[in-house]
Amino acid sequence: PHAPALADRSGPRADPGEPGPGGLPDDWEAWRGRVDLDDYDRRWAAMAAAGENPHGEADLVCALRGDGPVLDGGCGTGRVAIELDRRGVAVVGVDPDPDMIAAARAKAPALRWVTTGLETLDLPERFGLVVLAGNVIPYAEDRAGVVAGCARHLRPGGLLLAGFAAQPGWPTPDDHDAWCAS
């Protein structure tokens, strides 16, 4: 295994069962321990070079969004937020992983990047759309809290767009719907 491109500044945890930085669960920590952020970003560049569209999430956001800025929750290294900004969409990126935010900020220093979990997010502005691209919900420690935090930041009539893989032990669409209803 190779080390992450950006060092994990959280330090070792006394109890591996305890959440890591920002309340990140163990399965997130395991994934991050295996992934080099530069390799992760190169994956999307390779898709584009092969003629594939690495910006399907941004396409969907642009098709669905109404008025107002977009909150990219769990923004990671900034791929979706940076593409939205390139398209002229006002966007704020939020992620609890400081290494991910550092990578995003290095690529797009003019954008607003916030290092915090969505469940504790407290921004003054409200958004027309909150996008959770990728596996934000499954990797969250407090999944219902993440949905509630996103809902608090929506304008009236705003949309929460969440995508995640279906696999054993991860939330189902019914789980997500229940969190949205509460």
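These questions and answers walk through a predicted model, from its cores to its salt bridges.

Residues are numbered from 1 along each chain as its sequence is written, and side-chain values use heavy atoms, with hydrogens and water left out. In this predicted model, local features need pLDDT of at least 70 and side-chain atom pairs count only at pLDDT 80 or more, while totals for chains, interfaces and linings use all residues.

Q: How many residues does the largest nonpolar core have?
A: A nonpolar core is a set of buried Ala, Val, Leu, Ile, Met, Phe, Trp, Tyr and Cys residues joined through side-chain atoms within 4.5 Å. Buried means under 20% relative accessible area, exposed over 50%, and partly exposed in between (1.4 Å probe, protein chains only). V61, V70, L84, V91, W113, L129 and V131 have the most contacts inside the largest core. Its residue count is 18.

Q: Which helix supplies the largest share of this core?
A: Helices (H or I, at least four residues) and strands (E, at least two) are DSSP runs, numbered from the N terminus. Helix 3 (56-64), helix 4 (79-86), helix 5 (98-107) and strand 4 (127-132) each give the core at least two residues. The largest share is 3 residues, and it comes from helix 4.

Q: Which residues does L84 contact, leaving aside its neighbours within four places in sequence?
A: Contact means heavy atoms within 4.5 Å. L84 is among the residues with the most contacts inside the largest core. With those neighbours set aside, its partners are A58, V61, C62, V70, V89 and V91.

Q: What is the handedness of the crossover from strand 2 to strand 3?
A: Strand 2 (residues 91-95) and strand 3 (residues 112-115) run parallel, joined by 4 bridges (strands pair if DSSP finds at least two bridges between them). In this pair, G93 stands opposite W113. The chain passes from strand 2 through helix 5 to strand 3. A crossover is right-handed if, with the strands pointing away from the viewer, the path from the first strand over the helix to the second runs clockwise; this β-α-β crossover is right-handed.

Q: Is A108 buried or exposed?
A: A108 lies in the loop between helix 5 and strand 3. Leaving aside neighbours within four places in sequence, it contacts I82 and W113. A108 and I82 are 26 residues apart in sequence, yet their C-alpha atoms are 6.9 Å apart. At 11% relative accessibility, A108 counts as buried.

Q: How far is C150 from the nearest cysteine sulfur?
A: A disulfide is a pair of cysteine sulfur atoms within 2.5 Å. The whole structure has 0 disulfides. C150 has 0% relative accessibility, so it counts as buried. The nearest cysteine sulfur belongs to C180, at a distance of 8.9 Å.

Q: Which residues does H176 touch, not counting those up to four places away in sequence?
A: H176 sits in helix 8 (residues 173-181). Its relative accessibility is 9%, so it counts as buried. The residues it touches are I137, V147, L160, A162 and F164.

Q: How many residues apart are D59 and R87?
A: A salt bridge is a side-chain nitrogen of Lys or Arg within 4 Å of a carboxyl oxygen of Asp or Glu. D59 and R87 form one, at 2.6 Å from N to O. D59 is in helix 3, and R87 is in the loop between helix 4 and strand 2. The pair links distant parts of the chain, and the separation is 28 residues.

Q: Is E83 buried or exposed?
A: E83 also meets R87 in a salt bridge, at 2.8 Å from N to O. R87 is partly exposed, with a relative accessible area of 32%. E83 has 6% relative accessibility, so it counts as buried.

Q: Which parts does the pair of E125 and R112 tie together?
A: E125 and R112 form a salt bridge, with their closest N and O atoms 2.4 Å apart. The two residues are 13 apart in sequence. The parts tied together are the loop between strand 3 and strand 4, which holds E125, and strand 3, which holds R112.
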